Amino acid sequence: MNYISDILYWISTGLLVPVIILLIFFFGRALLLVGSFFGQYMATRRTAALLRKELDRLNRDNVSSLSEHLPKKNPSLAVTYMNRLLRADSTAMRQRLLSDFEIEADKDLAVSKTLGKMGPMLGLMGTLIPMGPALVGLSTGDIASMAYNMQVAFATTVVGLFAAAIGFVTEQVKQRWYLQEMTDLEFVAELLNEIPAER
C-alpha cells in the first residue's frame, strides 16, 4: 500500500511543473485576450450603432441596397457575413452562411471558454500539489519549506482564478454580441427570402 501511495505522490509532484507552466501560459493568454477584447469592443460598438440605424429603416424593397451603407474599412464578422448574405442567390446558401457565422462565433469564444474552465482546474491542481510537501514540512518542523510550498499553492490559485475571470467575463459579453448579430443576420436573410415570393 505504501508503494502505491508513493507512486501517486511522485505522479502528483511531477505534475507541479507542467501545471505552473500552463498557468503562466494561460495568464499571458488572458492578458492578450483583454487587449483584443477591448479592440473588438470598440469595433462592435461602432458597427452596432450603424447597423441599428440601417436595419430600422430596412424592408424587402430596399434590402438589396444595404451593402452600400455598410462599413468598408475593417469590417466586423457580422458585416462580413451580411455582405455575403446580400450576394447569396439562394435560400440554401443564406442558411449555410448563417450556420457558418455561428461556427466562426464559436471559434472566437473558444479561448474564453478554455480559460474559464481550465483556469480553476489548473489553479486547484496547483494548490493541492504543494500542500503535501507543506504538510510534510510542518510535521518535521521545516517551517521554511512549508512557507515556500504554501506560497506556491496560493500563487497558483490566484493566477488560475484571474485567467478564469477574464475568460468568464469575455465569454459572457461576446455571447451577447453574437446573439444580437445573429438576430440581425437572420432578419436580413428573411427579408432577402421574401423578395422572390413577392415577384
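This is a predicted model: local features need pLDDT of at least 70, side-chain atom pairs count only at pLDDT 80 or more; totals for chains, interfaces and linings use all residues.
Reader: How many salt bridges does the structure hold?

Author: Side chains of opposite charge can pair when their charged atoms come close. A salt bridge is a side-chain nitrogen of Lys or Arg within 4 Å of a carboxyl oxygen of Asp or Glu. The structure holds four salt bridges. One of them joins Lys107 to Glu104, with the closest N and O atoms 3.8 Å apart. Both residues lie in helix α4 (residues 91-140), three residues apart, which is about one turn of the helix. Helices (H or I, at least four residues) and strands (E, at least two) are DSSP runs, numbered from the N terminus.

Reader: Is Lys107 buried or exposed?

Author: Buried means under 20% relative accessible area, exposed over 50%, and partly exposed in between (1.4 Å probe, protein chains only). Lys107 counts as exposed because its relative accessibility is 54%. Glu104, with a relative accessible area of 31%, is partly exposed.

Reader: Which parts does the salt bridge between Asp108 and Lys174 tie together?

Author: The closest N and O atoms of Asp108 and Lys174 are 3.4 Å apart. Asp108 lies in helix α4 and Lys174 in helix α5 (residues 143-198), so the pair ties together parts that are 66 residues apart in sequence. Asp108 is partly exposed at 26% relative accessibility, whereas Lys174 is buried at 1%.

Reader: Which residues form the nonpolar patch on the surface?

Author: Patches are made of residues with over 30% relative accessible area and no salt bridge; like charges are joined within 9 Å, and nonpolar side chains (Val, Leu, Ile, Met, Phe, Trp, Tyr) within 5 Å. Here the nonpolar patch consists of Tyr3, Ile4, Ile7, Leu8, Tyr9, Trp10, Ile11, Leu15 and Met125, with about 920 Å² of accessible area together. Accessible areas come from the Shrake-Rupley method with a 1.4 Å probe, and for residues only the protein chains shown count as cover. Helix α1 (residues 2-14) supplies the largest share of the patch, seven residues. Ile7 lies in this helix and is partly exposed at 31% relative accessibility.

How values were computed:
Residues are numbered from 1 along each chain as its sequence is written. Side-chain values use heavy atoms; hydrogens and water are left out.
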